[in-house]
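These entries record what I looked up in one structure. I began with the ligand, then turned to charged side chains.

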Amino acid sequence: MEHSYDVVVVGGGAAGLSGALALSRARRSVLVIDAGEPRNAPAGHIHNYLGREGTPPGELLAAGREEVAGYGGEIVTGTVTSAEKVGDGEFRVTLADGGTVKARRLLVTTGLVDVLPDIPGVAERWGRDVLHCPYCHGWEVRDQPIGVVAGSPLAVHQALMWRQWTDSVTLFLNDADEPTAEEYEQLAARGVAIVDGGVAGLEVQGDRLTGVRLHTGQVFPLAAVVVPPLFRARADFLDSLGLATTEMEMAGHVIATAVAADATGATAVPGVWVAGNVADPKAQVIVAAGAGLNAAAALNADLIAEDTRLAVAGALSR
Ligand SMILES: Cc1cc2nc3c(=O)[nH]c(=O)nc-3n(C[C@H](O)[C@H](O)[C@H](O)COP(=O)(O)OP(=O)(O)OC[C@H]3O[C@@H](n4cnc5c(N)ncnc54)[C@H](O)[C@@H]3O)c2cc1C
């Protein structure tokens, strides 16, 4: 027989485990299904997580799994491929291995994929010395020469931001749109160097990035390179529920996709909540964990309302 839970949490990163912890402590039956590929896996440490500053990502998640299991929450490794509403008001969730489970509510915390620019070497070094977020990595490369490779409307913003951590920032225009006159003035005023021409690849010695190479062959020595990923919500399986992602634009370019939700994480499909990067691309780990808790509380309130309705109708024992 198909097992049925109060809540199936799809995705066991910071958002999912935080939600699962609150729901397990609320005495709900909870199953977390997790594919085991958290977004920050390439990074050595998590920064700006109060009380756990510098913890390796795997260590925080292992602690979270143990805490969830301590309150009876179940966690399995697997990939959810679809979810559908079934006749009795529940959802049926299907996994890639063909297994199915049922749930009264879904909490979707599947995160996002960083779609990286197609520059040789970038994917291999992502999260180590190819970076995007100064709050995650800025301190570690402070005072060192950093190159920002343009490719989205965020480039000038990124160059000005990283300037806070080092006074040696170079913006590589990489054949992207020219900055405006006002942006040129801002970059010059902050001492950001600008280099014209396309970036051919990264220079690496041993296992360390040493610079970028232009198509002209010219090499610029650097300690780290900043790129602008496209943030794409990992939400394809929600198509089966008719829940699409929405595009977030900046200056006419799509910079992210996300599942739209209200402040509690409730989506357009009743019974389905979202939290973390799948709904909010800029959420850092502690924010994703907070969103998981926030959604869990709203979802639990919805279940309490349903339990009360059923009790009034005499369909639920006390
Ligand atoms: C290189 C890098 C470094 C970073 N460093 C920091 C930092 O120092 N500090 C900080 O606060 N933030 C950092 N971040 C941001 C951080 O990664 C996110 O804030 C955080 O991962 C969001 O948590 P989440 O739970 O929403 O998603 P994730 O952590 O990505 O977790 C989602 C989980 O869902 C699973 N999943 C996806 N699809 C499915 C499916 N269909 N079925 C089952 N499971 C599925 C995934 O495998 C994954 O385990 C960094 C990001 C990157 C890219």
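**Ligand surroundings**

I first listed the shell around the ligand: 37 residues surround the ligand, and the closest are Asp-34, Glu-37, His-47, Asn-277 and Ala-283. I note that the model is a predicted one.

I then looked up backbone contacts to ligand oxygen atoms. For Ala-283, a backbone N or O atom lies 2.7 Å from an oxygen atom of the ligand. For Asn-277, I found a backbone N or O atom 2.8 Å from a ligand oxygen atom. A polar backbone atom of Arg-39 is 2.9 Å from an oxygen atom of the ligand.

Next I checked how much of the ligand is covered. Taken alone, the ligand exposes 1000 Å², of which the protein buries 97%. I also asked which elements give two or more residues to the shell around the ligand. They are helix H1 (14-25), strand S2 (30-34), helix H4 (134-137) and helix H7 (285-312).

**Charged side chains**

Side chains of opposite charge can pair when their charged atoms come close. I counted such pairs with a cut-off of 4 Å between side-chain nitrogen and carboxyl oxygen, and the count comes to 16 salt bridges.

I examined one of them, Arg-28 with Asp-307, where the closest N and O atoms are 3.1 Å apart. This pair links distant parts of the chain, 279 residues apart: Arg-28 is in the loop between H1 and S2, and Asp-307 is in helix H7.

Asp-175, Asp-177, Glu-178 and Asp-196 form a negative surface patch. I located Glu-178 in the loop between strand S10 (169-172) and helix H6 (181-189).

Definitions and conventions. Residues numbered from 1 in each chain as written. Predicted model: local features only at pLDDT ≥ 70, side-chain atom pairs only at ≥ 80, totals over all residues. Heavy atoms only, no water. Patch = residues over 30% accessible without salt bridge, like charges linked within 9 Å, V, L, I, M, F, W, Y side chains within 5 Å. Areas by Shrake-Rupley, 256 points an atom, 1.4 Å probe, with all protein chains shown as cover. Lys, Arg positive; Asp, Glu negative; His and termini not counted. Charge placed at Lys NZ, Arg CZ, Asp CG, Glu CD. Helix = DSSP H or I, 4+ residues; strand = E, 2+ residues; numbered from the N terminus. Near = heavy atom within 4 Å. Polar contact = N/O pair within 3.5 Å; in protein donor to acceptor, adjacent residues only side chain to side chain.
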